[in-house]
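Open the structure in your viewer and keep the selection tool at hand. The stops below say what to pick next and what is there.

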Amino acid sequence: MSTSEPTKESTEKVIANAKRVCQIIKLKPSYESSYIQIHANPWPGLDYEDDMKKIAEDPDTQRWWKVTDEMQESLVEGAEGSGTDLPWWKDLPEVFRFDGQVRGL
């Protein structure tokens, strides 16, 4: 086993201690464009395209895609898998993201 691969025990520990959160809230229709505008570019200076290229070149990521792509169906017509020219994942508009620190962590 490669040292870069997690053990079953370490994976189970992470999963057991992970807190998964999914939340939804109703946005008042009259505020839709204002809400999107104030969240449009809160963290300038990041280069998404360069980051995605680095991720796609990572051997561990490529192995992960081989496993998970088989389990998924893309919503992008004609997509053949992760890491190809045609995106596997369908992009949606980002409305909000929090990258700050949570008190108590």
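This is a predicted model: local features need pLDDT of at least 70, side-chain atom pairs count only at pLDDT 80 or more; totals for chains, interfaces and linings use all residues.

## Stop 1: a charged pair

Select Asp60, which is partly exposed, with a relative accessible area of 34%. Residues are numbered from 1 along each chain as its sequence is written, and side-chain values use heavy atoms, with hydrogens and water left out.

Side chains of opposite charge can pair when their charged atoms come close. Asp60 and Arg63 form a salt bridge, with the closest N and O atoms 2.1 Å apart. The term means a side-chain nitrogen of Lys or Arg within 4 Å of a carboxyl oxygen of Asp or Glu. By this rule the count comes to one salt bridge. Both Asp60 and Arg63 sit in helix 4, three residues apart, which is about one turn of the helix.

## Stop 2: two helices

Switch to cartoon view. How many helices and strands does the protein have? It has four helices and zero strands. Helices (H or I, at least four residues) and strands (E, at least two) are DSSP runs, numbered from the N terminus.

Colour helix 3 (residues 48–57) and helix 4 (59–69). The two pack at an angle of about 75°, and their axes are 5 Å apart. Axes are lines fitted to C-alpha atoms, for helices over the stretch in contact, and angles run from 0 to 180 degrees between N-to-C directions. Helix 3 and helix 4 are therefore roughly perpendicular to each other; the class covers 65 to 115 degrees, with angles under 35 counted as roughly parallel, over 145 as roughly antiparallel and the rest as oblique.

Show side chains here. Ile55, Ala56 and Glu57 of helix 3 meet Pro59, Thr61, Gln62 and Trp65 of helix 4. Contact means heavy atoms within 4.5 Å.

## Stop 3: two serines

Move to the segment after helix 4 and pick Ser82. Is Ser82 buried or exposed? Ser82 counts as buried, because its relative accessibility is 15%. Leaving aside neighbours within four places in sequence, Ser82 is in contact with Trp65, Asp69 and Trp88. Buried residues make up 9% of the 105 residues in the protein.

Next, select Ser74, also placed in the segment after helix 4. Ser74 counts as partly exposed, at 23% relative accessibility. Not counting residues up to four places away in sequence, Ser74 touches Ala79, Pro87 and Trp88. Draw a C-alpha to C-alpha distance from Ser74 to Lys90: 7.4 Å in space, 16 residues apart in sequence.

## Stop 4: a loop residue

Go back to the loop between helix 2 (32–38) and helix 3, and select Asn41. Asn41 is exposed, with a relative accessible area of 53%. Asn41 and Glu94 are 53 residues apart in sequence, yet 9.9 Å apart in space, C-alpha to C-alpha.

## Stop 5

Zoom in on Phe98, in the segment after helix 4. Phe98 counts as exposed, at 52% relative accessibility.

Notes: Buried means under 20% relative accessible area, exposed over 50%, partly exposed in between (1.4 Å probe, protein chains only).
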